[in-house]
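Please open the structure in your viewer and keep the selection tool at hand.

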Amino acid sequence: MKCPSCGATAPEGAPECAACGVIFAKFEEKRRREREEAQAALARLNLPPTPELDPHLGRRVAIVVGAAWAAVMGFFIVKELIRKNQREAAARARFAAPVAAAPMPAPVAPAGPSAAPALPAHAVIADPSGQFTTPSGETVSDHRP
Ligand SMILES: [Zn+2]
């Protein structure tokens, strides 16, 4: 095998290099640790991803903007609905108050055969004493001479 440190040829299965004295197991362990640290550092540099490197940024921005727009529009729609309801409630209150305060109209007698016919203008009203009262207020006796 070849020594990873100095490149000298070492016998297969030897624990250390005869030329430079490096212990192969320790050397491999050190290289493995360095490789892991380098990968971790690389991962730290990439996280969080920068906008230029994020292929989904455009879609994310669109979603965020769309959601914000929907939220704003929803807010205005709800606000307008609440204002409309309040206007209608106020209008109802304005109309309902006088109606509630006004007296009920007198019931109208049903017109029909049983209803008393309206008296003509020239009619006289009979008095139990036997006298008639004309519409002009004149009192005429029913007693014939
Ligand atoms: Zn060596």
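**Helix 1**

Begin by selecting helix 1, which is hardly covered: among its 23 residues, the count of buried residues is zero. A residue is called buried if 20 or more other C-beta atoms lie within 10 Å of its own, exposed if 12 or fewer do, and partly exposed in between, with C-beta atoms placed from the backbone. From its first C-alpha to its last, helix 1 reaches 33 Å, close to the 33 Å expected at 1.5 Å a residue; the expected span is 1.5 Å times one less than the number of residues.

**The whole protein**

This is a predicted model, in which local features need pLDDT of at least 70 and side-chain atom pairs count only at pLDDT 80 or more, while totals for chains, interfaces and linings use all residues. Residues are numbered from 1 along each chain as its sequence is written.

Now select everything. Along the sequence the pattern is α-α-β-β-β, where helices (H or I, at least four residues) and strands (E, at least two) are DSSP runs numbered from the N terminus. Colour by pLDDT, the predictor's confidence in each residue from 0 to 100. Confidence is highest in helix 1 (residues 24–46), at a mean of 92, and lowest in strand 1 (residues 125–126), at 60.

**Thr-139**

Finally, select Thr-139 in strand 3 (residues 139–141). Why does Thr-139 count as exposed? It does so because it has 11 C-beta neighbours inside 10 Å.
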